[in-house]
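My notes follow in the order I made them.

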Amino acid sequence: MSNKTSNLFYQSRAPRPFLDRAEGIYMYDQSGKRYIDGSSGAMVSNIGHSNPNVLEAMKAQMDKSTFGYRLHFRTEPSEDLASMVAERMPGNLDRVFFVSGGSEAVESAIKLARQYAITQGKSSRWKVISRFPSYHGSTFGALALTGYDPLARPFDPMMRDMPKIAAPACYLDRDNLTDEQRGLKYAELLRDEIIKQGPETVLAFIMEPIGGASTGALVAPDSYYGRIAEICKEFGILLIYDEVMTGVGRTGSFLAANHWDIEPDIVAMSKGFAAGYAPLGAVVARETMVEALLDAGGFLHGYTYAGNPLACAAGVAVLKEIDRLSLIDNCAAMGALLKSRLEGLMERYPFIGDVRGKGLLLAFELVSDKDSMTPLPKEYNCYLELVELAYERGLIIYSRRTRGGVEGDHFLVAPAMIVNESQIDEIMGILIESLD
Ligand code: PMP
């Protein structure tokens, strides 16, 4: 018998109510029930819902034009947004290519890297090393880099899986190393892998500087970042930062790369870029790379909706609001407060094994034994259960069950960058009720 309740189909059968409206960090269903958007959707609605200045800017753009094909016209919103992005990027990353989402940004980064290598006479280089676990998107290219078996394995015969090194899940290590030594130890995995693969075949290394959906806000020790960049330089391998989730302020800095003073060769961004007001993403590279490609005949790549003026007008307005309201500073301050409150829970609940993250990209992980970091039994389905308990009580959080080779339940807590202290109290109140 059919269970059909709608012509739409989703990824699963989990029933959800109809969304009616949303404002700030709150969302309301059609029965009037209020939810705190404790994960900004999927770390997207970074400046909160229904920001009047963003809506105003979008309406003004709508009255002028909603679409202009990029090969037919330049548009002011896309030019303005590109220059605003370039101003905020580290070093010489000043050439921007717009797309409509995170997977498209990662695809574009890979294709840009490969076409650039060809212009440099390095066509033997095609492998993109990534990490396990990791998440880079759902299109075939991005999926080939994604270290998450359930998503990638069914498509093995249809794509070329790429080499992967372990993500720096230091919190699971039980050695006597210092943090700095651990960071270097994990970075050396990249060097080993490059040598194993043959440096002349390796095009790029891609990583989420702070893990997102796959590893639950995993931050590496400081020493990791610089060493990874050094290794890429040593072998002439392009360093791609997937800042789809971490970019545009979410970790308390415009890019997560800024925390370690890294200038990657290519950066992919999306999510918080137009902050849920429009589908928008970007890939950013240096002028030398882009000019080499254009000299060689152009970038053989593109998406119809890329850089459409309505999405770019939303992006411009979002960046202006972030500056006007000093949201990156607020994100850093409120992130520190929320993190310390989450850490406080570790005393109350012996089954919280780890709290991690930066800015407002925070996570906690549940375990059955804290000393050995043994995960809770899979059958408990904790990652779903706790989300449901919180949802019933009006708090939305985001969870996954996976981690470096071993399984475990982690929960991302990532409210919008506009969140204030009393709203953090509200979030913690519901979280504690749900955990109890
Ligand atoms: N990269 C990262 C780091 C992500 O977190 C995501 C989305 N969760 C993507 C890429 C893919 O983005 P999208 O779903 O917009 O295609």
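**Domains.** I noted before anything else that this is a predicted model. Domain 1 covers 19–43 + 326–435, and domain 2 covers 55–324. I put their C-alpha centres 25 Å apart. Where they touch, domain 1 supplies 25 residues and domain 2 supplies 28.

I wanted to know which elements give two or more residues to the domain 1 side of that contact. My list reads helix 1 (40–43), helix 11 (327–348), strand 11 (352–358), strand 12 (361–369) and strand 16 (409–413). Helix 11 gives the most, with five residues. I sorted this side of domain 1 by class and got 12 nonpolar, seven polar and six charged residues.

**Core.** Next I went for the largest nonpolar core, which has 130 residues. Ile240, Ala282, Val283 and Ala314 have the most contacts inside it. Helix 10 (residues 309–324) brings the largest share, 10 residues. Where does this core lie relative to domain 1 and domain 2? It lies between them, because both domains give residues to it.

Setting aside residues up to four places away in sequence, I found Ile240 touching Ala109, Ala113, Ala204, Phe205, Ile206, Pro264, Asp265, Ile266 and Ala268.

Which way do strand 11 and strand 12 run, and how many bridges join them? They run antiparallel, and six bridges join them. One pair I wrote down is Gly357 with Leu362 of strand 12. The hairpin made by these two strands has two residues between the strands, and Gly359 there takes a positive phi near 55°.

I then followed strand 12 to its other partners. With strand 16 the pairing is antiparallel over five bridges, and Leu366 has Asp409 in strand 16 as its bridge partner. With strand 13 (residues 374–375) the pairing is again antiparallel, over two bridges. Here I noted Val367 bridged to Pro375 of strand 13. Strand 12 and strand 13 also make a hairpin, with four residues between them. Met373 sits in that turn with a positive phi of about 55°.

**Ligand.** I counted 15 residues around the ligand. The closest are Gly101, Gly102, Ser103, Gly137 and Val244. Which helix gives the most to this shell? I have helix 4 (residues 102–119) down for that, with three residues. By class the shell comes out as six nonpolar, seven polar and two charged residues.

**Ile262.** Last, I checked a loop residue. Ile262 is in the loop between strand 8 (238–243) and strand 9 (266–269).

Technical notes. Residues numbered from 1 in each chain as written. Predicted model: local features only at pLDDT ≥ 70, side-chain atom pairs only at ≥ 80, totals over all residues. Near = placed C-beta within 6 Å. Nonpolar A, V, L, I, M, F, W, Y, C, P; charged D, E, K, R; others polar. Domains from an automatic or database assignment. Contact = placed C-beta atoms within 7 Å. Core = buried A, V, L, I, M, F, W, Y, C linked by C-beta atoms within 7 Å. Buried ≥ 20, exposed ≤ 12 C-beta atoms within 10 Å, placed from the backbone. Pairing = 2+ DSSP bridges.
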